[in-house]
Amino acid sequence: ESGTDIASQIELTSSGGIALTDIPQEASAAFTRIYLTTPGGDLFYRQTDLPMGLSSFTLVTHQKGKHLETMFAEPLSAASLLCYNFGVLYAAGEDGYIRYSLPLRPGLTRPMDCYFPKLGQEIKIMLPHPAGGIFVVADQTYFLSGTKPEDMQVRMVYPHSGVRGTGAMVPASILGIEFPGEAPVWFSDNGLVVGLPDGNILPLMERKVAVGTYLEGATLYREDEGIRSIVSSLQSELSTNRLQTSDSMSMEIR
């Protein structure tokens, strides 16, 4: 169901019904749904579904159908990052804002209401936690706590940024976390980290491995012949310092 514009107000001077003419036609739609309030009311009720091609119709009775839930809703704008949690789709745009959909309507939003304050010039990672809340990595790492966006509280939980594209969901059991599901992981400025159910951050590599500066990357969880791994592929800075040497090692532990 699409969103609606401002409703038309009609003053009836006699009984007999309401004649609708020039009903808009939309090629991509199957029906036009008509909503109507009770006399002097402000709550809209579904009356009927008119097939496309029918441009006029007369309402002669009032039906108490389902309530109108999409008034003033518009399609959710394009975004560079998406995540879905507890029936709501969250979309992070290149302008640094996070917008969200109406509950259980991932394609619709109310632009004037459904957004969070700007968290940074660039949002690099956005991952939900199955227990509730969303981790957002911008100039620093933030946690939006809660399951309903209108009630969420924003707090900074880790004073570091991260590498764009490295977010992934992995089984919490392989990380030693007592949670029956998956946990969000990503590559931060200090290496791989885990988002915990309470919004805190668990660094896996901090004080153990010195990591470089990376522009973007990707992370995946892999199981092969009983070996479970979290693998990150990272792209370094465009300019390479030729005075720096590096080394790498690959091993399997059975």
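Colleague: How far apart are the mean positions of the positive and negative charges of the protein chain?

Modeller: This is a predicted model, in which local features need pLDDT of at least 70, side-chain atom pairs count only at pLDDT 80 or more, and totals for chains, interfaces and linings use all residues. Residues are numbered from 1 along each chain as its sequence is written, and side-chain values use heavy atoms, with hydrogens and water left out. Lys and Arg count as positive and Asp and Glu as negative, while His and the chain ends are not counted; each charge is placed at NZ of Lys, CZ of Arg, CG of Asp or CD of Glu. For the 18 positive and 28 negative charges, the separation between the mean positions is 3 Å.

Colleague: How many helices and strands does the protein chain have?

Modeller: Both are DSSP runs numbered from the N terminus, helices (H or I) having at least four residues and strands (E) at least two. On that basis the protein chain has zero helices, and its strands number 19.

Colleague: What is the radius of gyration of the protein chain?

Modeller: The radius is taken over C-alpha atoms, and the globule rule is 2.2 Å times the number of residues to the power 0.38. For 254 residues the rule gives 18 Å, and the chain is well over this, so it is more spread out than a compact globule. Along the principal axes, the C-alpha atoms fill a box of roughly 85 × 40 × 35 Å. The radius of gyration is 25 Å.

Colleague: What percentage of the residues in the protein chain is buried?

Modeller: Buried means under 20% relative accessible area, exposed over 50%, and partly exposed in between, with a 1.4 Å probe and protein chains only. Of the 254 residues in the protein chain, the buried share is 33%.

Colleague: Which aromatic pair in the structure is tilted, and which residues form it?

Modeller: Rings of Phe, Tyr and Trp (its six-membered ring) pair if their centres lie within 6.5 Å; planes under 30 degrees apart count as stacked, over 60 as edge-to-face and the rest as tilted. The structure holds seven aromatic pairs, and in the tilted one in question the centres are 6.1 Å apart with 45 degrees between the planes. One partner lies in strand 7 (residues 88–92) and the other in strand 8 (residues 98–100), which links distant parts of the chain, 10 residues apart.

Colleague: Why is the pair of Tyr-97 and Tyr-115 edge-to-face, and what is the angle of the planes?

Modeller: Tyr-97 lies in the loop between strand 7 and strand 8 and Tyr-115 in the loop between strand 9 (108–109) and strand 10 (125–128), so the pair ties together parts that are 18 residues apart in sequence. Tyr-97 is partly exposed at 28% relative accessibility, and Tyr-115 is partly exposed at 41%. The ring centres are 6.3 Å apart, and the pair is edge-to-face because its planes stand at 75 degrees.

Colleague: Is Thr-141 buried or exposed?

Modeller: Thr-141 lies in strand 12 (residues 141–145). Leaving aside neighbours within four places in sequence, Thr-141 is in contact (heavy atoms within 4.5 Å) with residues including Val-136, Tyr-158, Trp-186 and Ile-201. Its relative accessibility is 0%, so Thr-141 counts as buried.

Colleague: What distance separates the C-alpha atoms of Tyr-45 and Leu-68?

Modeller: Tyr-45 is in strand 3 (residues 45–51) and is buried, with a relative accessible area of 12%. Apart from neighbours within four places in sequence, Tyr-45 is in contact with several residues, among them Ile-34, Tyr-35, His-62 and His-67. Leu-68 is 23 residues from Tyr-45 along the chain, yet their C-alpha atoms are separated by 6.2 Å.

Colleague: What is the phi of Phe-72?

Modeller: Most residues other than glycine have a negative phi. Phe-72 is found in the loop between strand 4 (57–59) and strand 5 (74–75), where it is partly exposed with a relative accessible area of 45%. Although Phe-72 is not a glycine, its phi is positive, at about 65 degrees.

Colleague: Is Glu-225 buried or exposed?

Modeller: Glu-225 sits in the loop between strand 18 (214–224) and strand 19 (227–236). Glu-225 is a residue other than glycine with a positive phi, near 55 degrees. At 64% relative accessibility, Glu-225 counts as exposed.
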